Amino acid sequence: MKHIKPFLALAWAGLLLLTLLAAPLTVAADTDVDSGQPTYDRGYYSRFKGKELEINVYNWGEYLSIGEDGLMDINGEFEKLTGIKVNYSNFETNEGMYAKMKSGANAYDVIFPSDYMVSRLIQEKMVQPLDFDNIPNFKYIGEEFRNPEYDPDNLYSVPYMWGRVCLIYNEKLVGHKIESIDELWNPEYSGKILMFKNSRDAFALALEKLGYSLNTENVKELEQAAQLLKEQKPLIQAYVMDQIFDKMQANEAIIAPYYIGDYYIMKEVNPDLSVYIPENTNIYYDAVCIPSDSRHKEAAEMYINFLNEPQAAADNAEYIMYSSPNTAAVALLDPEISGDKNLYPPVEELVNTQAFINLSEDTNLYIDRLWTDVLSQDEGYLDWVMPAFVVFSVAVLLINSIRKRRKRELNNGGLKNDR
């Protein structure tokens, strides 16, 4: 379990305040005073112009500004600035991204894994060290986000966004404010509850309800969590990731766990939505890395650097409504956003939050097995159907075998009589 300790939290607050106060002076150098448009180091970004270079970028869905609402089209601006074509695709879960990379089906140049997955990719040598000389905008990353537990020497990753897991619910349909994670198991909402589609987030909620560490490797605790998820299953309408947007916005579901930034996107469409953030919830960190098999490492580092241009990072944070670790970007945000305590909370609210760490391979495999069992079993159904099916199959094989043997004997007997 990773907690932000009180004295570290105070230091975190002080550093954030100092960087926010200092950031506007730095940002001014990156903005054209006459046009108000961001300016860049053109020499740095023009190195690959005319070389017809392409990079493959693999990110979460709905997790990059695409030029709506007057905000920057991140990929479009990068392509225009550098001449590098961005082939952009999305994944739904860390585990899905990991499986795709492991299969070798596609070669990516830039990926966006979460904290614990960064650690796993480092351990399995699936990402490569970064050359920070090619990422000068790393200077804007707040000190409190550097050298994180998932990448202690800050060799393989650059922080991208952070936030907390929350419960999003339709207050009008529920009829009251929700103030407990137990509501995800409330039979009154049967058929209207959504649940995480990925194993790590789903197990975290069950472990949180049980009062255990989100990073436990205790088999009995994991089995209790799995049992709790099985008990919840009859109440679940669907296991989702990005599908949550359509369902919550259209009142097809009334309560779901998800990430705090996405609540704001949904609320713009459905003002009846409210949010509850548990005290012991998961605090997550997403980062940017370069896979070991990337064929265009320097261009990938240029892309990561562009993500941290203050105006690009600010527009990106405003569009996806996640919390940015880029202090220069935070200074450019509308005060209504940077002052929102759900997105940029006071440090005392972070003291009991828990960040994921990478678990042992045995534990990861065991959780995957338990999760498969949760998703595939109707309670009690497979417990008797599978053994019965096996017995039935064996019986059919024996009967067919006996019939074939008798048929052969009859045929052989008939031939002898003919002779």
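This is a predicted model: local features need pLDDT of at least 70, side-chain atom pairs count only at pLDDT 80 or more; totals for chains, interfaces and linings use all residues.
Residues are numbered from 1 along each chain as its sequence is written, and side-chain values use heavy atoms, with hydrogens and water left out.

Searching the whole structure turns up 6 cavities of 30 Å³ or more. A cavity here is a set of points, on a 1 Å grid over the protein atoms alone, where a 1.4 Å probe fits but cannot get out; a pocket is an open set with protein on both sides within 12 Å along at least five of seven lines; and lining residues have an atom within 4 Å of a point. Grid points are joined across faces, edges and corners, and a volume is the space filled by probe spheres set on the points.

The largest cavity holds about 250 Å³ of space. Its lining has 23 residues, and Trp-60, Ser-114, Tyr-259, Asp-286 and Tyr-322 lie nearest the centre. At least two lining residues come from each of α5 (115-123), β7 (255-259) and β9 (283-288); helices (H or I, at least four residues) and strands (E, at least two) are DSSP runs, numbered from the N terminus. Domain 1 (42-162 + 286-355) and domain 2 (164-282 + 365-373) each contribute at least three residues to this lining, with the domain bounds coming from an automatic or database domain assignment. Sorted by class, the lining has 11 nonpolar, 5 polar and 7 charged residues. For that sorting, Ala, Val, Leu, Ile, Met, Phe, Trp, Tyr, Cys and Pro count as nonpolar, Asp, Glu, Lys and Arg as charged, and the others, Gly among them, as polar.

Next comes the second largest cavity, with about 70 Å³ of space. Among the residues lining it are Ile-141, Tyr-160, Val-288, Leu-307 and Asn-326. Two or more lining residues come from each of β4 (158-170) and α12 (310-320), and β4 gives the most, with 3 residues. This lining has 8 nonpolar and 4 polar residues, but no charged ones.

Now for the open spaces. The largest pocket has a volume of about 590 Å³. It is lined by 22 residues, with Ile-265, Glu-268, Glu-318, Tyr-319 and Met-321 closest to its centre. Helices α9 (244-249), α10 (260-269), α12 and α14 (335-338) each supply at least two of the lining residues, and α10 gives the most, with 6 residues. By class, the pocket lining splits into 10 nonpolar, 1 polar and 11 charged residues. Domain 1 and domain 2 each provide at least three residues of this lining.

On to the helix pair. The axes of α3 (residues 74-82) and α11 (residues 297-307) come within 11 Å and cross at roughly 125°. Axes are lines fitted to C-alpha atoms, for helices over the stretch in contact, and angles run from 0 to 180 degrees between N-to-C directions.

Finally, look at two loops. Glu-62, in the loop between β1 (54-60) and α3, has a positive phi near 60° despite not being glycine. Asn-147, in the loop between α5 and β4, also is a residue other than glycine with a positive phi, near 50°.
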